[in-house]
Amino acid sequence: MAATKGKASEPEKFSSAKWPALGGPESPTVREQLIMLSIEEIMKVGPADFNSAIPCDRLGVKHPTINYHFGNRDGLIAEATMWTHDWWVRYLAENVRKAPRNGKRRLRAFIESEIAWSKMLGGMNLLMHYPHASKGSQAIVSEKFADRMQRNFEFNLAILATLVIDIRKGTNSSLDFTVENYPRTELLKHPTAVLTATSLSWATHGIASWSSGEHIASANLENQALSKLTTKIAIDNYIKQIIKMAE
């Protein structure tokens with residue numbers, strides 16, 4: 001679902017069954033529906049070409065509904081950014097917990113989930129990590145959601161640090177903590193694991209961004225000189241290198 005430049009997509013029908021697939025409940029409010037349809041639109045066209053009227057048209061509500069719920073377009077983009085950030089954290093945690101209870105396998109699941117997420121979210125993934133669609137939306141994200149985003153990031157680090165400890169000690173932790181009660185104080189007793197987790201996070205973010213197909217230079221290089229198989233092997237080798245960092 002890579003972002004494409006040009007005019008925004010035309011209003012289209014949708015099925016209510018899509019809400020859970022966009023990180024929402026089965027019966028969302030109108031406000032939540034506007035956020036999720038905005039996310040879907042940004043996934044297609046990117047934040048710069050996003051037209052806030054399209055989610056309204058698809059729901060059959062008046063355009064001023066955006067102002068009523070979010071203040072303006074910037075407020076809507078800020079809410080979509082935070083919604084996606086929360087969804088991202090849940091997505092990674094769920095996939096790690098579904099993996100076999102083994103440190104290395106869980107870490108691989110984390111990395112592969114980051115890559116899959118980046119491919120799935122397209123332009124919205126970029127906005128989620130770097131909320132610079134406009135000064136207005138950036139200011140709202142910074143003022144309203146900075147603490148929440150930091151909490152999410154620390155939760156991810158808690159998962160990664162726990163996996164590092166498991167890999168190095170041969171243990172298999174339950175990972176039963178949540179965003180609200182992750183073991184922040186306990187992990188501070190393992191500074192080396194936390195530092196390694198930070199490195200793992202940045203390395204994973206890098207390979208996820210590169211492999212999503214959004215990086216023009218590498219995408220063109222693949223078209224000219226590399227086969228899909230070669231790219232797959234390169235990604236797999238890089239994943240192995242990241243896992244070695246944890247060891």
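Predicted model: local features only at pLDDT ≥ 70, side-chain atom pairs only at ≥ 80, totals over all residues.
Reader: How do you know that the axes of helix H5 and helix H7 come together, and at what angle do they cross?

Author: Residues are numbered from 1 along each chain as its sequence is written, and side-chain values use heavy atoms, leaving out hydrogens and water. The axes of H5 (residues 103-121) and H7 (residues 135-169) come within 8 Å and cross at roughly 150°. Axes are lines fitted to C-alpha atoms, for helices over the stretch in contact, with angles from 0 to 180 degrees between N-to-C directions.

Reader: Why is H5 called roughly antiparallel to H7?

Author: Angles over 145 degrees count as roughly antiparallel, and these axes cross at roughly 150°, so H5 is roughly antiparallel to H7.

Reader: Which residues in H5 meet H7?

Author: Gly103, Lys104, Arg106, Leu107 and Phe110 do, and their partners in H7 include Ile159 and Leu163. Contact means heavy atoms within 4.5 Å.

Reader: What makes a nonpolar core, and which residues have the most contacts inside the largest one?

Author: A nonpolar core is a set of buried (under 20% relative accessible area, 1.4 Å probe, protein chains only) Ala, Val, Leu, Ile, Met, Phe, Trp, Tyr and Cys residues joined through side-chain atoms within 4.5 Å. The largest has 60 residues, and those with the most contacts inside it are Ile39, Leu107, Ile111, Met124, Phe155 and Ile159. Its largest share, 11 residues, comes from helix H4 (residues 73-98). A second, separate core of 5 residues includes Val141 and Phe145.

Notes:
Buried < 20%, exposed > 50% of the residue type's maximum accessible area, 1.4 Å probe, protein only. Helix = DSSP H or I, 4+ residues; strand = E, 2+ residues; numbered from the N terminus. Parallel < 35°, antiparallel > 145°, perpendicular 65-115°, else oblique.
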